[in-house]
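This briefing sets out how one protein structure is arranged. Please read it with the sequence and the model side by side.

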Amino acid sequence: MTLVATARLTPEGVSVVRVSVGNDVVDLANARAREPLEREWMARHLTPWERETLGVPSPVAFWSIFSAKEAGYKAFAQQGIATPHVAFSMIEADLANARVRHLPTGESAELLHLTVSSDCVHTVALYAPGGDPAPSDTVLTGIAYVPETSEASDYARERLIASIAGRLPDTDAASLAIGNRDGIPRVLRSGRWEEWSVSISHSGRLAAWAWVGPQEE
Amino acid sequence: MAFKRTETAIEPLDLTHAPPADVERRILDGVKKYASQVDNWSKADKNTPFLGHLIGMGIESANLVDITMTIERQFLTRKTKRVPVGEDGSAFRLETSDDGKAGKLMILEGEDTYAATPGLAIKMLMDLGHMPMDRVYLEDVVSFPYVVVIGEGYRLYDSMRKLVGKIDRIEDPGSRAEAVSNLKALFDQAREYAETVQDPAALAQTRRLAYERERSQVAGVEAELAEVVAKLAEANAAKDEAALEPLRARQVALRLRLNTSRVKLRVAEEVARHSGLRNLVEEAKVQAIRQMLLTLVAHEGERAFANPGPAGSTPAVVAS
């Protein structure tokens, strides 16, 4: 059903490689997304290769790249591959090949899922050190409009919990909570921190979430 | 050189003699349009984080570059002369212009890494020499490490408070017990946080270890780069074209990695250097969030764990 790790045979023996997920949503109706994309502003977000590849990008093309970088950044960060604050040019998105690269380390994540509509861009990135994880049906992800009575971050967490509870057998949503450990979002289940990778995003009216769950027994 | 903001033309302010309070006001005004937490923005001071919605102005990551560019547009500096650095001259640093005239402010990549609040943005400008150093102003600027640490505390408090509210609405005893077990885990985390931040020396120790790790990583990359440079020299001397291309590619990759590692090292160094010392404002803020956490644990702990009971009131998050 879902995969949190793959076991790989290495010269040192069998090692378990954790998979981490990152997701990002951009509300294209948001004020910033509607503003003209100034050349200098874009240059601060794009690597030289991205600038060359994109040419003069449309807003949707630019925000697709941005969203992929943010998703990749979150997936890398969960495995200790940090990117300094505002360092957008250290992560490179290759949408044509569905990859996002952390340039300083050479590590690469798979762009699992990129949704582009008139309303939004939503990207999910999956990273496993040393190589790609198993196929794309191993990740649970969702996106929704935030009700006016809800705060976006809280709503994203509630929907993530509901999604996880819906997928795990005999799991009550009340047994789940989202917390943070070392700045990374983590799931508590019945008082125990789970090793699952989760990611939460919100932008404007939209909330999005992603989860890589436990290996099926 | 004025730029338009809505219908008002704003003349850039020369940083050379600008009072920090004026610079702070301009920065705050400049970021208002990106602030989704208007209440926090309206009460913002030098220590209000740009990011985050609990105690921050609610600026999203899509607007981080806007903050930097807003600052650049609003101010002039004497440091406008570009001086090439590095072997290929692609990088540069800024020095005071030969004619001494003020010109467009440029914030180079990596310089805004710590600029998480208006006060830290001004500290950045002072550290870079765009503004005169003003120690009095900086005395009560919360440092980057403590912005991070305090922010973590408020996020934890918010998670706990919301879970308490959720538990109060759960009627089924079995489901309630499950949720309470999660609350216990968060309470344990809160106690651990309170203990860690209470002792600046302990906090400094963990940060120093992190700095040492980063430093050894930088040393490793530097050694690797030196090896590649030596091999390049050999290949050049031997006119070995086949070996040159991959070595050059490796050199570029290592340089980029070294630049990133050095940025991370500066952050770690700043964190390690500063964590053992607290100014009065940092101390007050740490104690405030520490007290909020421990009060919530004490207030709700017995009630939630001992007996299911009627909903009690829980303190709201107060931005400070």
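Tyr193(B) is buried, with a relative accessible area of 10%; buried means under 20% relative accessible area, exposed means over 50%, and partly exposed lies in between (1.4 Å probe, protein chains only). The model is predicted, so local features need pLDDT of at least 70 and side-chain atom pairs count only at pLDDT 80 or more, while totals for chains, interfaces and linings use all residues. Residues are numbered from 1 along each chain as its sequence is written, chains are lettered from A and ligands numbered from 1 in the order in which they are written, and side-chain values use heavy atoms, with hydrogens and water left out.

**Residues in helices**

- Tyr193(B) belongs to helix H7 of chain B; helices (H or I, at least four residues) and strands (E, at least two) are DSSP runs, numbered from the N terminus.
- Between Tyr193(B) and Asn47(B) there are 146 residues of separation in sequence and 21 Å in space, C-alpha to C-alpha.
- Phe187(B) is also placed in helix H7 (residues 173–198) of chain B, and it counts as buried because its relative accessibility is 0%.
- Phe187(B) and Gly301(B) are 114 residues apart in sequence, yet their C-alpha atoms are 8.0 Å apart in space.
- In chain A, Arg51(A) sits in helix H3 (residues 48–54) and is partly exposed, with a relative accessible area of 36%.
- The C-alpha atoms of Arg51(A) and Ile65(A) are separated by 11 Å, and the two residues are 14 residues apart along the chain.

**Nonpolar cores and a surface patch**

- In soluble globular proteins, nonpolar side chains tend to be buried together.
- The largest nonpolar core has 97 residues, of which Trp63(A), Val23(B), Met57(B), Ile71(B) and Met160(B) touch the most other members; a nonpolar core is a set of buried Ala, Val, Leu, Ile, Met, Phe, Trp, Tyr and Cys residues joined through side-chain atoms within 4.5 Å.
- Helix H6 (residues 144–168) of chain B gives the largest share of this core, twelve residues.
- Another core, of 20 residues, lies apart from it and includes Ala144(A), Ile164(A), Ala165(A) and Leu168(A).
- On the surface, Val60(A), Leu95(A), Leu114(A) and Val116(A) form a nonpolar patch with about 260 Å² of accessible area together.
- Patches are made of residues with over 30% relative accessible area and no salt bridge, where like charges are joined within 9 Å and nonpolar side chains (Val, Leu, Ile, Met, Phe, Trp, Tyr) within 5 Å.
- Accessible areas come from the Shrake-Rupley method with a 1.4 Å probe, and for residues only the protein chains shown count as cover.
- Leu95(A) is located in the loop between strand S4 (91–94) and strand S5 (99–102) of chain A.

**Salt bridges**

- Over all chains, the structure holds 24 salt bridges; a salt bridge is a side-chain nitrogen of Lys or Arg within 4 Å of a carboxyl oxygen of Asp or Glu.
- Arg78(B) and Asp14(B) meet through their side chains in a salt bridge (2.7 Å, N to O).
- Arg78(B) lies in the loop between strand S4 (75–77) and strand S5 (81–85) of chain B and Asp14(B) in strand S3 (residues 13–14) of chain B, so this pair ties together parts that are 64 residues apart in sequence.
- Lys46(B) forms a salt bridge with Asp140(B), with the closest N and O atoms 2.7 Å apart.
- This pair links distant parts of the chain, 94 residues apart, with Lys46(B) in the loop between helix H2 (38–42) and helix H3 (64–74) of chain B and Asp140(B) in the loop between helix H5 (135–138) and H6 of chain B.
- Lys46(B) is buried at a relative accessible area of 13%, whereas Asp140(B) counts as partly exposed at 30% relative accessibility.
- Asp98(B) and Lys81(B) also form a salt bridge, their closest N and O atoms being 3.0 Å apart.
- Asp98(B) counts as exposed at 67% relative accessibility, and Lys81(B) is partly exposed, with a relative accessible area of 31%.
- A network of salt bridges links Asp154(A), Asp158(B), Arg161(B) and Lys162(B).

**The cavity**

- One cavity of 30 Å³ or more is found in a search of the whole structure.
- On a 1 Å grid over the protein atoms alone, a cavity is a set of points where a 1.4 Å probe fits but cannot get out, and lining residues have an atom within 4 Å of a point.
- The largest cavity has a volume of about 80 Å³; grid points are joined across faces, edges and corners, and a volume is the space filled by probe spheres set on the points.
- Ten residues line the largest cavity, and Asn47(B), Pro49(B), Ile55(B), Ile150(B) and Lys285(B) lie nearest its centre.
- H6(B) supplies the largest share of this lining, four residues.

Key: On a 1 Å grid over the protein atoms alone, a cavity is a set of points where a 1.4 Å probe fits but cannot get out, and a pocket is an open set with protein on both sides within 12 Å along at least five of seven lines; lining residues have an atom within 4 Å of a point.
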